[in-house]
Amino acid sequence: MKLELKGKALRGNLRVPSDKSISHRAIMLGSLNRGEVVVRNFLRSEDCLNTLKAFVELGVDISDNGDEILIKGKGKYSLKEPFNVIDLGNSGTSIRLISGILAGQPFYSVLTGDQYLRRRPMDRIAIPLREMGALIYGRESGKFPPLTILGRRPLNGINYKSPKASAQVKSAVLLAGLYTDEPVSVTEPAKSRDHTERMLSAFGVDVKIDGLTVSLGENRELSADLEIDVPADISSAAFFMVGAAITPNSEVTLRDVILNPTRTGILDVMKRMGVNLRIENVRQIGGEEVGDITVSYSPELKATVIEGEEIPRLIDELPVLALLATQAEGETVIKDAAELRVKESDRVKSTVENLKAIGALAEELPDGMVIRGKCKLKGGKVSSYGDHRIAMTFAIASLIAEEAVEIDDTECVATSYPGFFDDLRNLLE
Ligand SMILES: O=C(O)C1=C[C@@H](OP(=O)(O)O)[C@@H](O)[C@H](O)C1
Ligand SMILES: C=C(OP(=O)(O)O)C(=O)O
């Protein structure tokens, strides 16, 4: 796709699609629940639809009437051995969290995904789940999908010290922990998104949080009739927030955006860099704080350092924040973000290569990158590397590039944001 948008501004207001992390968890926990769950504003992106299909394959009664998803759950012991290989497409969240659930099922299942997912590391979940008693096999001594899982019941308890601040690892262990009465806890080096903990509590499970440790208490049954209303995804809003900040004459309001503090690192960084940003109408939707975020053109941006505990609070926003940094005076350093290298693409490489290809000054670090601004972007040919967040980042770059930005494969945006290009066109003025 060739985008030549220089001279246009982004103006208007938009409710970006719903949160991907919460949509996945609504299907997963709704399927383990005894009771009826209605999910409103479910994200119909490829990743979340793959999660939905997986639970249909596991025998759960899930219907989609277009507006709402209805899950008639029969409890955590009701899943059936799948007849087919479960294909989770591009979704790391799906394969890792579902592995946690399957660890507690006394049957055989095979999980696979697309060429990108089959290159992503699974030992991070396989190690604790094996310690809990599940048999998990995969390519290269169990590291990569396809994964074969033979679960067990009951599992062993675990007090797991996770080497990474990863919500996917934490969630996999907590979900497996539903299938034992023994102590289960996960301690992470920094706090990752906490949607699993919040939603398990909403379903009635005893969850205790003590600093960086989450543990399961006595009640591990999910039993509630719930209506889950999914707020808008800050990771999708991020593209238009950055777009408005770097493009002259722009002002965009993003409505109903999730403001869970484990997700709002991007707002802290944008404020620090001098972005004109305001948050209004703060309220609760589905047990999460949401608000309307307005961002306008911000000509005097300054560089910053993004590191440490802030990283898990904005991990998926780093490619688009790197684009923002090209328009900030000084050297922006992103470090402690080696996790970027094992996402849908190696996002250190894909971001830096593409930034350089359109005329920015950027360099890789083993665990991040350095971006020097303020820099005029020329435009040119880039690759999405099959990665939705990279495709959307460089579509936004075209708003300020002198010439066209040509992105090779843009279909991958369907992973998290199928209507991205329509929404972009609708905001152009
Ligand atoms: O749990 C989740 O919903 C997610 C956790 C993060 O991954 P990690 O747990 O690997 O950091 C994030 O990058 C991903 O987009 C969604
Ligand atoms: C890393 C991401 O997702 P996942 O790990 O679920 O593939 C993402 O959406 O940026």
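K343 counts as buried because it has 21 C-beta neighbours inside 10 Å; buried means 20 or more other C-beta atoms within 10 Å of a residue's own, exposed means 12 or fewer, and partly exposed lies in between, with C-beta atoms placed from the backbone. The model is predicted: local features need pLDDT of at least 70, side-chain atom pairs count only at pLDDT 80 or more, and totals for chains, interfaces and linings use all residues. Residues are numbered from 1 along each chain as its sequence is written, and chains are lettered from A and ligands numbered from 1 in the order in which they are written.

**Annotated residues**
- K343 sits in the loop between β20 (328-334) and α11 (347-357).
- An unreviewed UniProt entry annotates K20, S21, R25, S166, Q168, D316 and K343 as "binding site"; positions follow the numbering used here, feature names are shortened, and annotations may be inferred rather than shown by experiment.

**R25**
- R25 is part of helix α1 (residues 20-32).
- R25 is buried because 25 other C-beta atoms lie within 10 Å.
- Leaving out residues up to four places away in sequence, R25 touches H195, T196 and M199; contact means C-beta atoms, placed from the backbone, within 7 Å.

**Whole chain**
- The chain has 13 helices and 24 strands, which are DSSP runs numbered from the N terminus (helices: H or I, at least four residues; strands: E, at least two).
- Of the 429 residues in the chain, 54% are buried.
- Among contacts with a separation of 6 or more, 73% join residues 24 or more positions apart.
- Along the principal axes, the C-alpha atoms fill a box of roughly 60 × 45 × 40 Å.

How values were computed
Two residues are in contact if their C-beta atoms, placed from the backbone, lie within 7 Å.
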